[in-house]
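Reader: Hi, I've got a protein to look at for class. Can you walk me through it?

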Amino acid sequence: KLARLETVLTEPEATLIAADECEMHLLPLLRAMWHRRGQQPQVPTPGQNRKRPIFGGVNLRTGAWHYQLTSRKRGVEFIAFLAELVQAYPTGPIYVLIDNASIHTSKAVLQWVATQPRLDLLYLPTSMGHKLNPTEKVWWALKDTIAANCCFKSLAELDQFIQRYFNKITETDILRLINSAIVRQAQLTEAA
């Protein structure tokens, strides 16, 4: 898998997308924080937790960020996300780097991908999926920015914060955030 990844990274005409999914929750993500001695902040909880699945992918060469808020995290939603990527990049081969999660390897996903001649899924080594996928850094930044020690009253409110966050972040910000050996290799090939 690593050898195939190295080969794909050197294809100058290819679009390289690192993709993954995450879930945001109404309940706050608790993080350490500073406060005055004896004045510990209260972090309220909304009661019943609910979650918002998000599919996301970053173009390793340009930093373009694509995402889709969904109600569930299944192969059907993953196919819809892939279809948006195919529309966003109408020419040339598209390689999508993903982990080996069951929604990425389901029969429905594999059958749909077989009908897309320009799309190819590149499965990262099982033990290295989180380490090699730059999208993980986008999720970390998102959660640290809008979910740390905050709770939301509804999924609609959470959706607004997610959309506002992604509307503000630039391609340059994304590239700075995901800086890694894979990203540098992809950009090196493009510049050549």
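Predicted model: local features only at pLDDT ≥ 70, side-chain atom pairs only at ≥ 80, totals over all residues.

Reader: What pattern do they follow along the sequence?

Author: Reading along the sequence, you get α-β-β-β-α-β-α-α-β-α-α-α-α-α.

Reader: And how much of the protein is buried?

Author: Of its 192 residues, 45% are buried. The protein exposes about 10,600 Å². Carbon and sulfur atoms supply 53% of that area.

Reader: Ok, the inside. How many residues are in the largest nonpolar core?

Author: It has 36. Leu16, Met24, Leu60, Leu142, Leu158 and Phe166 have the most contacts inside it.

Reader: Which elements give two or more residues to this core?

Author: The helices are α1 (2-9), α6 (135-147), α7 (155-168) and α9 (181-191). The strands are β1 (15-25), β2 (51-59) and β4 (94-98). The largest share is six residues, from α6.

Reader: What does leucine 158 touch, leaving aside neighbours within four places in sequence?

Author: Met24, His25, Leu26, Arg52, Ile146 and Phe152.

Reader: New topic: glutamate 77. Where is it?

Author: Glutamate 77 lies in helix α2, residues 75-88.

Reader: Is glutamate 77 buried or exposed?

Author: Buried. Its relative accessibility is 10%, and buried means under 20%, so glutamate 77 counts as buried.

Reader: Which residues is it in contact with?

Author: Beyond neighbours within four places in sequence, glutamate 77 contacts Phe55, Gln68, Thr70 and Arg72.

Terms used:
Residues numbered from 1 in each chain as written. Heavy atoms only, no water. Helix = DSSP H or I, 4+ residues; strand = E, 2+ residues; numbered from the N terminus. Buried < 20%, exposed > 50% of the residue type's maximum accessible area, 1.4 Å probe, protein only. Contact = heavy atoms within 4.5 Å. Areas by Shrake-Rupley, 256 points an atom, 1.4 Å probe, with all protein chains shown as cover. Core = buried A, V, L, I, M, F, W, Y, C linked by side-chain atoms within 4.5 Å.
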